[in-house]
Amino acid sequence: MFDWFKYFDFPAWFPENVSTFGAELDGMFILIWYICVAIFILTYALLIYFLIKYREKPGVRAIGYHGNNMLEFTWTILPTFLFAGLGIYTDSAWEKTKNVSHIPKPDVTIDVMGQQFNWVYRYPGADGILGRRAPEFKTNDNIFGVDPKDEHGKDDFIIETEMHLPINKNILVNLSAKDVLHSFFLPNFRVKQDALPGSWMKVWFNGTKAGKYEIACAELCGASHYNMRGLLYMHSLDDYNKWYDEQTKAKSEQLAQALGTTAPTADTTATPAVTAGGTTEHGK
Ligand SMILES: [Cu+2]
C-alpha cells in the first residue's frame, strides 16, 4: 500500500541530526508542526462543512450577520494562550542554543566570514590563539581585519569553502560578513545564524558524528547565492589534530618563505590543537 503517512510526516524529512542540542530543537519543531496540522485540519473541515450546510437552497433567503462577541473573544484568547505557552515551553532550548551568556567553554574557536560567494574560515594557528582583529585593519587582502602587529595573528591560517572540526568538542564560531547579509546554515547541526557586515556574532555547537556535512547560506545574498555551498568535515580528535598540524606546518613554511629563511624543522614537541577529555558539558 502507498504509504501516505510517510509524506505527511514532515519532520522525517529533516537531515540527520548530529548535534548535541539538535534533538531538543527537533522536538520543538515537531510539536509546533503537529499543532499547525491539527488547526489546519480543524479549520478546513469546518469550512467545508459550512460550505455544504449553508449552500444555496431554493426558497431560503440569506440573512445578514453582524458578528458575535463571544466567538471573537474566544479566537483571540485561544491563540494568545497557545503562543504564550509555546514561548514559555521552548524558552530553555532558546536559552541554551542562542543566549550568548550560556555558551559553554569552547574547545575550538574559529572565525567564519561570509562573502559573495563563499565561506572563509580563520583558525588560530600553532599558538592556539586568534590574532586580534579590528575594523581599521580590514582590506581586501585582510578581510578579517587582523592586526598585523599582533604576534598571535601571524600564525593564523585561513582556508576557504572547507571547514574542519573535531567531534564531541564545543565549537565556538565568531561569525561576520564581508559585504552583504549572509546566513551561516549547518542543517545537520541545527545551526542557522545571520552574518552581518561590521558585527561579530557568537555561534556554538557540538557535533557528535564524524562525516562530511553541508554548509549553506540561508540568506538570499546575490546572483550566486545558490553557489555559496561549503563542506564541513567532522573528524575524530586524532584526525583533526593531524589535519591541524599539516595546516600549521604549511603556514610556517609559507611564513619562512616570505621572510626568506628556511622553515623550522618539524617540531615534535608541538602541543595538539585540542586535547582529549575535558569536554565541557554543554548547556548552562
Ligand atoms: Cu550568502
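In what order do the 5 strands of the open sheet lie? The order is β4-β10-β9-β6-β7, and the pairing is mixed. Keep in mind, as you look around, that this is a predicted model.

**The sheet and its helix**

At the edges of the sheet stand β4 (162-166) and β7 (191-195); each has a single partner strand, so one side of each is left without a neighbour in the sheet. On average, neighbouring strands here are turned by 25 degrees against each other, direction ignored. Strand β4 runs parallel to β10 (residues 230-235), and 5 bridges join the two. Pro 166, for example, stands opposite His 235 in β10. Helix α5 (residues 237-259) packs on this sheet and touches β4 and β10, with its direction at about 130 degrees to that of β4.

**The chain and its core**

The chain holds 5 helices and 10 strands. Of its 284 residues, 22% are buried. The largest nonpolar core has 30 residues, and Val 112 and Leu 232 have the most contacts inside it. Strand β5 (residues 171-177) gives the most to this core, with 4 residues. Beyond its neighbours within four places in sequence, Val 112 is in contact with Trp 119, Tyr 121, Val 173, Leu 175 and Phe 184.

**How confident is the prediction?**

The chain's mean pLDDT is 86, and 89% of its residues reach 70 or more. The table gives the elements with the lowest and highest confidence.

| Element | Mean pLDDT |
|---|---|
| helix α1 (residues 4-8), lowest | 67 |
| strand β6 (residues 182-186), highest | 95 |

Over residues 279-284, pLDDT stays under 50. Where pLDDT is low, predicted coordinates should not be read in detail.

Note on methods. Residues numbered from 1 in each chain as written. Predicted model: local features only at pLDDT ≥ 70, side-chain atom pairs only at ≥ 80, totals over all residues. pLDDT = per-residue confidence, 0-100. Contact = placed C-beta atoms within 7 Å. Buried ≥ 20, exposed ≤ 12 C-beta atoms within 10 Å, placed from the backbone. Core = buried A, V, L, I, M, F, W, Y, C linked by C-beta atoms within 7 Å. Pairing = 2+ DSSP bridges. Axes fitted to C-alpha atoms, helices over the stretch in contact; angles between N-to-C directions.
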